[in-house]
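These are my notebook entries on a structure that I looked up.

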Number of protein chains: 2
Amino acid sequence: MTLTSAGPRSAVRAPFGPAVALACRECGTRTSLGAHYACLECFGPLEVVYDLRPVTRESVAAGPQSIWRYKDFLPVPEDVAAAPGLQPGLTRLVRADNLARELGLKSLWVKDDSGNPTHSFKDRVVAVALSAARELGFTTLACASTGNLANAVAAAAARAGLRSVVFVPSDLEDGKIITTAVYGGALVAVDGSYDDVNRLCSEVAADQESWGFVNINLRPYYAEGSKTVGFEIAEQLGWHLPEQVVSPVASGSLLTKVDKGFRELGAAGLVEPTPYAVFGAQATGCSPVSAAFAAGADVVRPVRPATIAKSLAIGNPADGPYALDVVRRTGGAVADVTDEEVVEGIRLLARTEGIFAETAGGVTVAVTRKLLAAGLLDPDAETVLLNTGDGLKTLDAVAPVVGPTATIDPSYSAFQKAGLA
Amino acid sequence: MTLTSAGPRSAVRAPFGPAVALACRECGTRTSLGAHYACLECFGPLEVVYDLRPVTRESVAAGPQSIWRYKDFLPVPEDVAAAPGLQPGLTRLVRADNLARELGLKSLWVKDDSGNPTHSFKDRVVAVALSAARELGFTTLACASTGNLANAVAAAAARAGLRSVVFVPSDLEDGKIITTAVYGGALVAVDGSYDDVNRLCSEVAADQESWGFVNINLRPYYAEGSKTVGFEIAEQLGWHLPEQVVSPVASGSLLTKVDKGFRELGAAGLVEPTPYAVFGAQATGCSPVSAAFAAGADVVRPVRPATIAKSLAIGNPADGPYALDVVRRTGGAVADVTDEEVVEGIRLLARTEGIFAETAGGVTVAVTRKLLAAGLLDPDAETVLLNTGDGLKTLDAVAPVVGPTATIDPSYSAFQKAGLA
């Protein structure tokens, strides 16, 4: 047998692994794999499409202890794990019996993404975007962000040896400036709102050919990273799908990708394609998807955010309509809770399971309670809550309501008088 | 065959697994397994002794994704993983090629314990202490702490359904109060220094029969948890020992237990017992072990701490002499660095590897640089640095020196003028 000059198919390095094209989620028009994010026909958002190879539970289990064990479902090359990155994923799936008892649920798990390298699920999406940036020849990794994404991009670029440029509103809290700037990339404070920052970044992305904005021109790749939350839940449950999932909703992308991940596992034969319902959680101060769900509307009307759950404060969520589709198709629901309920949710999760979540996690816990009270969540069904971030990043939310139980002199008699024994 | 009423040995539940006694590290006198921590003969510290069963690499690999995969080397029952806990461990061992290049090392890894549930290595020791508390019938888990330990105890007790009482100095930063109080246990602020708090806790421990203080009357069990850092390093290196390890030194316990872990793996035949050198890292503002090493002394003279590396600020380190023994036996060294060097160390690790360490991690990186410059670390030997905690907990250390690269108006012309393109 003589090989042609191109060699057999398997010998050709595929920079995007099993991904074969980008396709418009609205009209289906296909585009080649590149730094494209909007359909040239209808301006609809693009999504990665695959020609998936056979995958087994054993091949996954033999993979790395990170999201790269699911590389056969992602737009990344076969050797992605060897490239320098933060290796996020395979965070704990915590059996939450104490919280289940308090909420009146029979079987509850918390997928705790605060265990990722920069302590939010954003490390997953940035890792996939970083791989795409590398393969597309970008030398600068960029984003607009007000928190978790900024941390994740700056850290991942540092480790990968890429330059990073992170754009933030100039009125951001000092803490968030520090946790991004410490990684040594460029941090640009923009005098304006987050919407202003975003608009500027779209302009920059259009003009700077060597810059990959993870959530603009790399967005189709980036978004696929969230599927790994779904993959891990199924694998950690012993290769089955849960019956209910409650996900926070910011852009709506995470919720839709967990659903996509579940469907891909079913199609690949890695799990039985059993039915499941997907639920969305928002803060009342930024609840456009919840409002649309309640109104039975298909269109998500933008709002101006006003909530302590800043990582969910996207007033015009790009994937809102798709999130509604998933929720309705699976028989789920979307609800929202007040900032007071968010704080209560954070405290409830901390005191029952020892997990200190950021405000988004408080939203998810509080919405779960609300959906149960409304009879929309089935208390007997196996349920998974997503905690997407870390309470250390949103200390201000709980600062007013937690503190010392007692303040005493350093003497045993003072201890005895305090009534703690 | 007729079983006696007690049944065969394997049918008896051993609350401390392979542990058979406590023994004095000074005079060797044995004591039964219980809430003892000082030798009745000579007041020396007690340590767990084992009758280890055969362990294979396969049996470890088949274990849980936490420290409990090493349960056969710990004073915990066979079913420890089934009890509610935070399941710490199996944190990332990060290949640090960028940092290696900057430091002039050939082969470098960072064991990144910021990935633990409450983001420090204290989750490991608390998990083992919690198991002992449960087996000994304690109903309250307690500690004196100024930071990481407080977080770890409060979180672990919450999840385990035990009451917690954490004692802290009343002048502690608000952030540290919040991150402990959020778990809902009792938090006692004591008007006094950390030494005052510690003294009070020893009194309380002696008097409250149902209270397990993790680092007082449960200390022998607690300390064993640090061996898992050594076990994981060896397993993650593909079952071999590194040639050099650099560990921060507070009480000195972690350093000695990593060494103990390495020796136990060698004795169990899980690794070749190849030679290794253990190095200790302190901040100059609290460097009693480093001073003793430099002076060639066996005795560690107490100091009054004054350093930003607060998690290492133990002026009278209980395990200081044992840490010196390990360092000298293995051919290592101890050094210390200024607070400015600590901050530089944090920034260096962040910008090269995307790991944001707390001050203790900065100490370790900076001491590594210093030991290399002094010719005490071999630049050609495979080296592992321990990062024991998370930069999110010590933001103040870097706040004065990191910030935005530029502040601009939200316009493309302003972006162009900033010179970032």
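I laid chain B on chain A: a turn of 180 degrees and a shift of 0.0 Å along the axis give an RMSD of 0.0 Å, with the copies superposed by least squares on the C-alpha atoms of residues with pLDDT of at least 70 in both. That is the relation of a two-fold axis. I noted that 100% of the contact residues of chain B recur in chain A, so that the same surface serves both copies (contact means heavy atoms within 4.5 Å). Gly115(B) is the residue of chain B that comes closest to the rotation axis, at 2.8 Å (C-alpha).

I recorded the conventions: this is a predicted model, in which local features need pLDDT of at least 70, side-chain atom pairs count only at pLDDT 80 or more, and totals for chains, interfaces and linings use all residues. Residues are numbered from 1 along each chain as its sequence is written, chains are lettered from A and ligands numbered from 1 in the order in which they are written, and side-chain values use heavy atoms, without hydrogens and water.

I then looked up the UniProt record, an unreviewed entry, which annotates residues 89-389 of chain A as "domain: Tryptophan synthase beta chain-like PALP"; such annotations may be inferred rather than shown by experiment.
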